[in-house]
Amino acid sequence: MIERIIKFDDVEIATQAFGNPAHEPVLMIMGAMASMLWWPDEFCQKLAARKYYVIRYDNRDTGRSTVYEPGEPRYTMDDMAEDAVRILHGYGIDSANLIGMSLGGTIAQIAALSHPERVKTLTLMSTTPIGIDTSALPHTADAYMAHAATGETVDWTDNAEVIEFLVKDTQMIAGVGHPYDERQARAFVERDVRRAKNFVSATNHFMLRGGQALKGKLAELAAPLLVIHGTADPIYPVEHGELLAKTVRGAKLVRLEGGGHEIHPADWEEIVSAIDAHLR
């Protein structure tokens with residue numbers, strides 16, 4: 001697939017599109033440290049086959065987009081939400097259906113609240129609501145936190161070490177509803193790391209802030225909302241998705257039984273069908 005670079009100011013964002021440009025546009029926003037490849041090729045193709053024009057892209061500091069010195073991100077999550085709008089502009093699209101996962105869900109919420117005229121519908125996967133108190137909700141699983149802490153000992157300039165850590169990470173975020181395929185995970189992680197301009201820069205995502213001006217605004221969301229959340233998500237337990245759906249009037253919630261913080265191939269049909277029904 002051919003990558004298209006969207007340029008603005010001193011930023012370059014790498015994008016790819018699937019399907020017919022005449023079809024209904026869908027913009028996919030991925031999470032922390034994750035390039036657009038974390039929206040699997042076949043998943044995007046399945047969605048495009050439902051007559052959607054699907055665009056995915058590398059957030060700043062991932063993949064082939066602009067990277068910054070590790071530890072020195074010169075942008076916020078609000079800037080990343082503006083990136084989404086600029087991508088639409090670059091493709092000549094007035095408004096689109098946004099799908100965000102994890103940190104991408106946070107970015108999508110900021111974009112939808114800041115630019116309601118540009119967002120037709122919103123689908124949020126494996127994420128948490130912005131601008132409201134979530135302190136009473138279950139936190140990230142202890143086992144995952146223990147794994148994440150080992151990241152401090154990783155030499156992020158050594159691709160071999162990075163790959164081993166990330167393969168373990170895919171296992172830690174996996175759900176319990178489907179078998180985990182380490183061989184497939186390793187092949188994917190190797191591809192993702194090889195493709196990145198400077199993979200260590202992706203760690204900048206953990207330093208980002210944003211959305212402070214939107215405190216208490218989530219209930220005012222204009223775009224129809226679909227929430228998709230795995231019941232075994234170790235990063236954002238399913239209660240985060242439930243609160244999202246409860247906060248926004250008319251929102252729909254799809255629980256992926258046994259699903260983790262992932263887009264498992266066994267769940268693709270259910271996810272694509274839910275998105276298709278929501279967008280129609």
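With a relative accessibility of 0%, S201 is buried, because the cut-off for that label is under 20% relative accessible area. This serine sits in the loop between α6 (182-195) and β7 (225-230). Leaving out residues up to four places away in sequence, S201 touches D61, V67, Y68 and P70. Please keep in mind, as you look around, that this is a predicted model.

**The chain as a whole**

Let us step back to the overall fold. The protein chain holds eight helices and eight strands. For 280 residues, a compact globule would have a radius of gyration near 19 Å, and the 17 Å of this chain agrees with that. The C-alpha trace spans about 45 × 40 × 40 Å along its principal axes.

Buried residues account for 55% of the 280 residues. The accessible surface comes to about 12500 Å², and carbon and sulfur atoms contribute 50% of that area. If you count contacts between residues at least 6 apart in sequence, 75% of them join residues at least 24 apart. On the charge side, there are 27 positive and 39 negative side chains, and the centres of these two sets lie 7 Å apart.

**Strand pairings**

Strand β1 (residues 4-8) pairs with strand β2 (residues 11-18) in the antiparallel sense, over five bridges. Within this pairing, K7 has E12 in β2 as its bridge partner. Two residues lie between the strands of the hairpin, and D9 there takes a positive phi near 50°.

The next pairing has another sense. Strand β3 (residues 24-29) and strand β4 (residues 52-57) run parallel, joined by five bridges. L27 finds its bridge partner in β4 at I55. Of the six residues in β3, five are buried, so the strand is mostly covered. As background, side chains in a regular strand alternate between the two faces of the sheet.

**Backbone angles worth a look**

Most residues other than glycine have a negative phi. K51, which is not a glycine, has a positive phi of about 70°, and its place is in the loop between α1 (41-48) and β4. S126 is not a glycine either, and its phi is positive at about 50°. You will find S126 in the loop between β6 and α4.

Is each of these two residues buried or exposed? K51 is exposed, with a relative accessible area of 56%, whereas S126 is buried at 3%.

**Some residues and their surroundings**

| Residue | Relative accessible area | Class |
|---|---|---|
| S201 | 0% | buried |
| A111 | 1% | buried |
| S126 | 3% | buried |
| H147 | 7% | buried |
| I132 | 27% | partly exposed |
| K51 | 56% | exposed |

A111 belongs to helix α3 (residues 103-114). Which residues does A111 touch, not counting those up to four places away in sequence? They are A81, L98, P116 and V119.

T247 is 115 residues from I132 along the chain, and their C-alpha atoms are separated by 9.3 Å. Setting aside neighbours within four places in sequence, I132 is in contact with L243 and T247. Why does I132 count as partly exposed? Its relative accessibility is 27%, and the partly exposed class covers values between the buried limit of under 20% and the exposed limit of over 50%.

Finally, H147 lies in helix α4. The histidine counts as buried, at 7% relative accessibility. Beyond its neighbours within four places in sequence, H147 is in contact with F165, K168, D169 and M172.

Conventions
Residues numbered from 1 in each chain as written. Predicted model: local features only at pLDDT ≥ 70, side-chain atom pairs only at ≥ 80, totals over all residues. Heavy atoms only, no water. Helix = DSSP H or I, 4+ residues; strand = E, 2+ residues; numbered from the N terminus. Rg over C-alpha atoms; globule rule 2.2 N^0.38 Å. Buried < 20%, exposed > 50% of the residue type's maximum accessible area, 1.4 Å probe, protein only. Contact = heavy atoms within 4.5 Å. Areas by Shrake-Rupley, 256 points an atom, 1.4 Å probe, with all protein chains shown as cover. Lys, Arg positive; Asp, Glu negative; His and termini not counted. Charge placed at Lys NZ, Arg CZ, Asp CG, Glu CD. Pairing = 2+ DSSP bridges.
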